Every structure is written in structure tokens, then in C-alpha cells.
Amino acid sequence: KHPGGNVILYATAFKDQNGVHDVTESYREFHGRSKIANSYLNSLPKRPAECPREEIMIAFQKWREQLVKEGYFEPSLFHVSWRLLELVVFYLLGLYCFSFGDWFGCISGILIHGMFGVRCGWIEHE
């Protein structure tokens with residue numbers, strides 16, 4: 001069972017031309033740096049692939065490797081700090097709007113805290 005819930009079904013919904021599910025790229029994009037996910041994956045039984053990877057997946061892998069070489073996957077302390085500061089600002093601004101006590105402040109606070117929640121989702125995957 002996937003700890004993230006049924007989201008795994010999106011990755012396994014499609015089969016290649018030979019009817020085989022390959023979630024290698026999905027896994028690597030979402031969990032590539034997770035020590036916990038990698039140790040769990042390594043504990044699972046393994047078997048050889050039933051067919052060669054499709055050309056588009058090979059092209060994607062080459063493109064991704066190029067991006068890695070260019071540094072796009074290197075964590076940036078400035079970027080992470082900026083994103084965390086953004087979260088603090090959204091959260092406090094939402095609370096400030098709620099403090100007005102009228103319907104406009106309430107609606108504004110809800111919308112801003114909605115943006116806070118969305119940005120939290122981005123932080124989780126950065």
C-alpha cells in the first residue's frame with residue numbers, strides 16, 4: 001500500500017505498448033532523494049523488466065540527466081529560505097485578515113490560507 005494514498009494509481013494507470021507498467025521515472029521524480037523511500041524500495045523483491053523501455057522514456061531520461069548536469073536539481077539554500085518566508089507571510093497575512101472580523105476579512109483570510117496550503121504542497125516536493 002502506498003503511504004501517499006491512491007496517487008500511485010495515476011502512475012500505474014497507463015501501460016506501454018507491451019502492456020507493462022513502468023513507474024521508474026515517476027518514482028525518481030517524487031522520491032529520488034528520499035532515504036526512507038529508497039530503503040523501502042530496496043527491501044522489495046525484484047525481477048527483470050519484461051520489455052525494453054520505450055523511446056520516449058529514454059529521451060526523457062537523457063533530458064533529465066542533462067538538467068542534472070546543468071545543476072537544476074541542486075538544492076538552493078536561498079530558494080528554500082525564500083519559499084519558507086513566503087509561507088510565513090501567507091500564514092500571518094491570513095491571520096491578519098481574519099482579525100478584522102467582517103465577511104471581507106473572513107473571505108480574504110480563507111483565500112490567503114488556501115494559497116498557504118497550496119504553497120505547502122510545493123514545499124513538500126522541493
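1. Buried residues, those under 20% relative accessible area, account for 13% of the 126 residues in the protein. Exposed residues are over 50%, and partly exposed ones lie in between, with a 1.4 Å probe and protein chains only as cover. The protein exposes about 10500 Å², of which carbon and sulfur atoms supply 66%; the areas come from the Shrake-Rupley method with a 1.4 Å probe.

2. The model is predicted, and local features need pLDDT of at least 70, side-chain atom pairs count only at pLDDT 80 or more, and totals for chains, interfaces and linings use all residues. Residues are numbered from 1 along each chain as its sequence is written, and side-chain values use heavy atoms, with hydrogens and water left out.

3. The protein has six helices and zero strands, so that its elements read α-α-α-α-α-α from the N terminus on. Helices (H or I, at least four residues) and strands (E, at least two) are DSSP runs, numbered from the N terminus. Among contacts (heavy atoms within 4.5 Å) between residues at least 6 apart in sequence, 51% join residues at least 24 apart.

4. Helix H5 covers residues 77-98. Its 22 residues should span 32 Å at 1.5 Å a residue, and its end C-alpha atoms are 32 Å apart, which agrees; the expected span is 1.5 Å times one less than the number of residues. Arg 83, Glu 86, Leu 87, Gly 94 and Cys 97 are buried in H5. Because these residues cover an arc of only 105 degrees around the axis, they are on the same side of H5; the arc is that of the directions from the helix axis to the C-beta atoms. On the other side of H5, Leu 77, Phe 78 and Leu 92 are exposed.

5. Helix H6 (residues 103-124) also deserves attention: with 22 residues, H6 reaches 32 Å from its first C-alpha to its last, close to the 32 Å expected. Its buried residues are Gly 105, Ser 108, Gly 109, Ile 112 and Arg 119. They are on the same side of H6, because their arc around the axis is only 100 degrees. The face turned away from this buried side carries the exposed residues Trp 103, Leu 111 and Glu 124. The buried residues of H6 pack against H5, and what covers the buried residues of H5 includes H6.

6. Which residues take part in salt bridges that share partners? A salt bridge is a side-chain nitrogen of Lys or Arg within 4 Å of a carboxyl oxygen of Asp or Glu, and the whole structure holds two. Glu 86 pairs with Arg 119, the closest N and O atoms being 2.9 Å apart. This pair links distant parts of the chain, with Glu 86 in helix H5 and Arg 119 in helix H6, 33 residues apart. Salt bridges that share partners join Arg 83, Glu 86 and Arg 119 into one network. The other bridge, between Glu 86 and Arg 83, has an N to O distance of 3.5 Å; these two residues lie three residues apart in H5, about one turn of the helix.

7. A nonpolar surface patch of about 990 Å² is made by residues including Phe 78, Trp 82, Leu 92 and Ile 110. Patches consist of residues with over 30% relative accessible area and no salt bridge, like charges being joined within 9 Å and nonpolar side chains (Val, Leu, Ile, Met, Phe, Trp, Tyr) within 5 Å. Helix H5 gives the largest share of this patch, nine residues.
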